Amino acid sequence: MRDFDYKKSLGQNFLVDENVKKKIVSSANIDEKSLIIEVGPGKGAISKYLVKLGVPVVAFEIDTRLKDELSKIENLEVIYGDFLNVDLNSVLSKYNYENVHLIANLPYYITTPIITKVMKINEVSEMIVMVQKEVGERFMSKPGFKSYNSLSVFLQYYFDVSEVCKVNRSCFVPVPKVDSIVVKFVRKKELLKVNDIDKFFKLVKDSFKQKRKNLRNNLKSYDLNKLESILFNLNKDLTYRAEQLSIEDFVYISNNI
Ligand code: SAM
């Protein structure tokens, strides 16, 4: 790997620890109707294990210098280009599948756009992603914790989110400045009943707008009298901050405001 000119700007820290690679792949729940997508296969650290699962694997890689290396991996389809510009539905339409799994060591500079793009596809039943440790902790965070934010709410509304394992920076080449975590997202079979999903998302975003401020300040544009009586039913009031509200609380408020 020493002869490769790693591009920091593309988040190129390649995974070299075989145990971590195996752990990522074995934590997936694949069946014969699965399709796997991988964003950023790099030199194929994880792809080599994914193709052994016997289902189609489609990888998206921006760096064409990796073509030679990746072409050696049998049964791996690689689409070269920026994943964020790919029409994912049209790529997926060429395959027969019932459930889609994103399994990847993500380029960290675009972690959130990748996850939000993939999660919008309903057939995506599972995402197993390596991300920067602090970012992964936010994805899993619960009310009352500093790391709990609007993204924690959005993601956990759709998915059960859990830790697969923490990964030390020494497991990568070149060694990054941060540690990592592998996080597993499993799409919930039943979602909490939200009357108006856009309204719900807007309420959550507005509530977290300025993290230190309370609901009275962040939700000034809402009917505060009404909000107060809704919060009263939840044993809460306008002095609460967004990080003290559960997903169920947000759903209740948005359905009633
Ligand atoms: N999967 C490999 C591994 O674990 O060793 C490489 C992971 S590395 C953290 C991230 C990979 O994402 C790199 O190969 C990088 O070139 C690729 N990448 C960066 N930006 C991308 C983008 N916008 N679309 C597709 N791939 C991208």
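**Packing around helix α7, and a few local features**

In this predicted model, Arg138, Phe139 and Met140 of helix α6 touch Leu151, Ser152, Leu155 and Gln156 of helix α7. Sorted by class, this α6–α7 contact takes in 4 nonpolar, 2 polar and 1 charged residues. Helix α6 covers residues 133–140, and its axis and that of α7 come within 7 Å, crossing at roughly 60°. The two helices, α6 and α7, are therefore oblique to each other.

On the α5 side the contact is made by Thr112, Ile115, Thr116 and Met119, while α7 brings in Leu151, Phe154, Leu155 and Tyr158. By class, there are 6 nonpolar and 2 polar residues where α5 meets α7, and no charged ones. Leu151 and Leu155 turn up here in the contact with α5, and they also belong to the contact with α6.

How much of α7 is buried? The helix is mostly covered, with 9 of its 9 residues buried. That list runs through Ser150, Leu151, Ser152, Val153, Phe154, Leu155, Gln156, Tyr157 and Tyr158. Besides α5 and α6, these buried residues pack against strands β7 (159–167) and β9, and against helices α8 (197–207) and α11. At the start of α7, Asn149 has a side-chain oxygen that reaches to within 3.1 Å of the backbone nitrogen of Leu151.

Stepping back to the whole chain, the model holds 11 helices and 9 strands. Its C-alpha trace spans about 65 × 40 × 30 Å along the principal axes. There are 257 residues in the protein chain, and 50% of them count as buried. Among contacts with a separation of 6 or more, 66% are between residues 24 or more positions apart.

Asn99 gives a local example of residues from separate parts of the sequence coming together. This asparagine is found in strand β5, which runs over residues 99–105. Is Asn99 buried or exposed? Its relative accessible area is 12%, so Asn99 is buried. Between Asn99 and Ile36 there are 63 residues in sequence but 8.6 Å in space, taken from C-alpha to C-alpha. Leaving aside neighbours within four places in sequence, the contacts of Asn99 are Asp31, Lys33, Ser34, Leu35, Glu123 and Ser125. Two of these partners also make side-chain polar contacts with Asn99. The one with the side chain of Ser34 is 2.6 Å, and the one with the side chain of Asp31 is 3.4 Å.

Most residues other than glycine have a negative phi, and most peptide bonds are trans. Where does a cis peptide bond occur? The bond from Val173 to Pro174 is cis, with omega near -15°. Pro174 is found in the loop between β8 (172–173) and β9 (180–187).

Two asparagines have a positive phi, each in a loop. Asn75 has a phi of about 65° although it is not a glycine. The loop that holds Asn75 lies between α3 (67–71) and β4 (76–80). With 65% relative accessibility, Asn75 counts as exposed, since the cut-off for exposed is over 50%. Asn235 likewise is not a glycine, and its phi is positive at about 65°. This residue is found in the loop between α10 (224–233) and α11 (247–256). Asn235 has a relative accessibility of 71%, so it counts as exposed.

Notes. Residues are numbered from 1 along each chain as its sequence is written. This is a predicted model: local features need pLDDT of at least 70, side-chain atom pairs count only at pLDDT 80 or more; totals for chains, interfaces and linings use all residues. Side-chain values use heavy atoms; hydrogens and water are left out. Helices (H or I, at least four residues) and strands (E, at least two) are DSSP runs, numbered from the N terminus. Buried means under 20% relative accessible area, exposed over 50%, partly exposed in between (1.4 Å probe, protein chains only). Contact means heavy atoms within 4.5 Å. A polar contact is a pair of N or O atoms within 3.5 Å; within protein, one must be able to donate a hydrogen and the other to accept it, and residues adjacent in sequence count only if both atoms are side-chain atoms. Ala, Val, Leu, Ile, Met, Phe, Trp, Tyr, Cys and Pro count as nonpolar, Asp, Glu, Lys and Arg as charged, and the others, Gly among them, as polar. Axes are lines fitted to C-alpha atoms, for helices over the stretch in contact, and angles run from 0 to 180 degrees between N-to-C directions. Angles under 35 degrees count as roughly parallel, over 145 as roughly antiparallel, 65 to 115 as roughly perpendicular and the rest as oblique.
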